[in-house]
Amino acid sequence: MPTTATYPEPVLRPIEVTTSKEGADEFAARTDDVKLSTDRVSILYGEKIAVRDVSLTIQERSIMALIGPSGSGKSTLLRCFNRMNDLIPGASVRGAVTLDGENVMETDVSVVELRRRVGMVFQRPNPFPMSIFENVAYGPRRRGQNDRRKLDELVETSLRRAALWDEVKDDLRRKSGLALSGGQQQRLCIARVLATDPEVILMDEPASALDPVSTLRIEELLRELREAYTIVIVTHNMQQAARVSDVTAFFTMAEDRAGYLVEVGPTGRIFTRPNERLTEDYISGRFG
Amino acid sequence: MAQMTTANRLTGLRARPGLLERIDVPRRVVFLAAVSMIAIVALLMAFIAWQGIQLFVKDGVSVGEIFSPTWNPLANAGPEFGLLPFIAATVCVTAVALLISTPLSVGLALFLSEVAPNWAKAVVQPSLEIFVGIPSVVWGWLGITVLVPFLADTFSGPIVISLPIAGPVFSMPGFLTGFSWMAGSLVLSIMVLPTITSVSYDAFRAVPQELRTGSLALGTTRWQMIRHLLLPSALSGVLTAVVLGMTRAAGEALAVQMVIGNSPTMPAAITQPLTTLTSQITLDMGNTVFGEPWQDALWTMSLVLLIISITSVVLVRLINKRRLAS
């Protein structure tokens with residue numbers, strides 16, 4: 001049922017654009033601000049184990065990149081954080097996934113509320129078949145925000161943050177979200193998530209279906225969003241992980257085809273001095 | 001000879017194609033199928049149109065007269081060919097059938113596409129196919145033996161709706177025999193249910209899965225997703241389904257004729273017997289002689305039916321054109 005609860009004022013934190021790449025130091029300095037974590041998480045599809053025993057912590061306002069070969073369970077793990085795995089018949093998750101210290105896997109957790117706090121951007125842009133404005137207003141409207149002025153404001157702020165405003169402001173209400181280019185569609189999807197004011201944004205290979213210019217724009221955007229949001233991104237593109245993330249987690253597939261975490265650390269270190277031989281082989285292109 | 005020059009190879013390709021290749025038999029066969037299909041439809045329409053205008057051309061009935069409410073084709077002193085009762089009845093019976101059937105069918109389609117576990121789909125889908133396969137005479141027979149007596153027994157007295165202070169605000173006569181507008185609409189609503197259900201089911205399935213997950217990932221409930229994303233996205237498909245159901249309902253003759261009571265009167269109460277264009281044609285055609293005004297009037301009724309179905313085809317086209325444009 002549509003909720004009658006009042007919609008919380010959108011808290012859009014100011015963005016300070018920094019180009020700091022010293023992820024390593026920041027990682028060390030902020031270990032107390034754990035936003036998300038997994039504790040010995042295993043994910044099964046029916047009897048088949050897809051991800052085994054992953055324990056990770058993700059700092060607030062940082063970007064964690066999940067890299068690894070296909071089938072190593074990165075996307076599956078990502079979908080745990082907002083429980084999208086619930087939608088897959090036969091999928092089950094063992095272990096604890098916490099958001100601000102609360103286990104989101106508990107049966108009494110509201111999945112709807114969780115997904116409002118943990119937004120998601122998909123691999124293929126999936127704008128709704130409605131106007132650009134309605135696409136962005138979709139989430140807030142479902143939460144009972146019907147005030148025209150506030151919606152106008154929220155749509156504008158979200159589109160600005162997603163670096164799309166200037167390109168679409170003239171036909172917000174006339175143009176369908178489907179009429180945009182692929183890169184614009186993906187930024188629209190990011191704006192749509194931002195409009196619901198999440199704390200965490202999950203991105204499942206958000207640029208893999210885009211051309212290099214659009215990819216670059218998305219990456220710049222990620223660096224900006226990092227100032228206000230916690231971001232977890234799955235990517236096949238190692239340069240992308242190196243460019244945008246603060247922390248990188250490397251996954252691979254065991255002999256029984258179950259994905260597992262090989263190592264995690266500050267992006268700078270993972271790409272220069274990995275601890276594990278498997279990581280080194282992967283990032284240097286000898287494998288995967 | 002082993003050394004073939006380039007020029008030689010080219011002439012090899014340019015060799016005259018064989019007879020079969022030149023005539024291209026498969027292409028001609030399918031072309032012929034398409035042409036005969038178009039020809040059949042065109043001839044059919046021309047024939048019905050020609051027969052349908054005889055009432056005006058040969059029998060001297062004016063176009064205005066067919067919109068009179070009186071049907072009396074056998075009167076010695078000036079027979080009357082008012083088709084309005086049939087047209088009105090067709091519209092009314094179809095409308096009520098759709099009012100009953102649309103919410104049920106769309107609900108069922110939503111259930112099948114969004115909610116149903118696999119075992120339920122495995123049961124419901126074949127059941128719908130069986131529904132389609134049941135001949136209309138069986139539905140009519142069921143209507144006569146079950147529905148009509150039920151209506152006559154249960155609501156035989158006048159139906160009155162009273163408010164505490166205002167008193168009776170609505171009243172209509174009860175079902176006398178049970179043969180009625182209501183019986184016709186109920187039977188039709190069951191008969192069009194599979195059509196509307198399967199076409200709207202396809203419309204819902206055509207909405208990409210990514211949109212559903214996109215909506216759920218934004219923290220909407222499943223119901224919000226259905227109400228605000230799925231239904232608007234599939235709207236043109238659902239409208240197409242309703243129009244197709246409408247065509248089927250307006251065109252159904254036998255089952256309706258069996259339960260509607262066959263009384264050429266203007267519709268006023270849902271409890272009264274009526275007769276539709278199709279049911280009147282089935283009822284009368286055996287009693288008429290070729291070329292007499294009475295039969296010409298039946299042809300005019302067929303023409304009206306044809307116009308209704310062409311209109312709905314055009315309607316479906318327009319709806320789908322809009323869908324593609326948006």
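## Confidence of the prediction

The complex as a whole receives an ipTM of 0.85 and a pTM of 0.82 from the predictor. For chain B, the mean pLDDT is 90, and 94% of the residues of chain B reach 70 or more. Where pLDDT is low, predicted coordinates should not be read in detail.

## The interface between chains A and B

The contact between the two chains involves 23 residues of chain A and 16 residues of chain B. On the side of chain A that touches chain B, at least two residues each come from helix H3 (111–117), strand S6 (118–121), helix H4 (132–142) and helix H7 (182–194). Of these elements, H3(A) gives the most, with 4 residues. By residue class, this side of chain A is made up of 11 nonpolar, 6 polar and 6 charged residues.

## Helix H8 of chain B

Helix H8 of chain B spans residues 209–217, and its buried residues are B:Arg212, B:Gly214, B:Ser215, B:Leu216 and B:Ala217. These buried residues pack against H3 and S6 of chain A, and also against helix H9 (222–251) of chain B. Just after H8(B), B:Gly219 adopts a positive phi of about 85 degrees.

## The surroundings of A:Val109

A:Val109 is found in the loop between strand S5 (102–103) and H3 of chain A. Leaving aside residues up to four places away in sequence, A:Val109 touches A:Val104 and A:Leu114. Is A:Val109 buried or partly exposed? A:Val109 counts as partly exposed, because it has 15 C-beta neighbours inside 10 Å, whereas 20 or more would be needed for a buried residue.

A:Asn237 stands 128 residues from A:Val109 along the chain, and the C-alpha atoms of the two are separated by 34 Å.

Most residues other than glycine have a negative phi. A:Arg40 is not a glycine, yet has a positive phi of about 45 degrees. A:Arg40 belongs to strand S1 of chain A, which covers residues 34–45. With 11 other C-beta atoms within 10 Å, A:Arg40 is exposed, because the limit for an exposed residue is 12 or fewer.

In chain B, B:Asn262 also is a residue other than glycine with a positive phi, near 50 degrees. B:Asn262 lies in the loop that runs between helix H10 (254–259) and helix H11 (277–284) of chain B. B:Asn262 has 18 C-beta neighbours inside 10 Å and therefore counts as partly exposed.

Definitions and conventions. Residues numbered from 1 in each chain as written. Chains lettered and ligands numbered in written order. Predicted model: local features only at pLDDT ≥ 70, side-chain atom pairs only at ≥ 80, totals over all residues. Contact = placed C-beta atoms within 7 Å. Nonpolar A, V, L, I, M, F, W, Y, C, P; charged D, E, K, R; others polar. pLDDT = per-residue confidence, 0-100.
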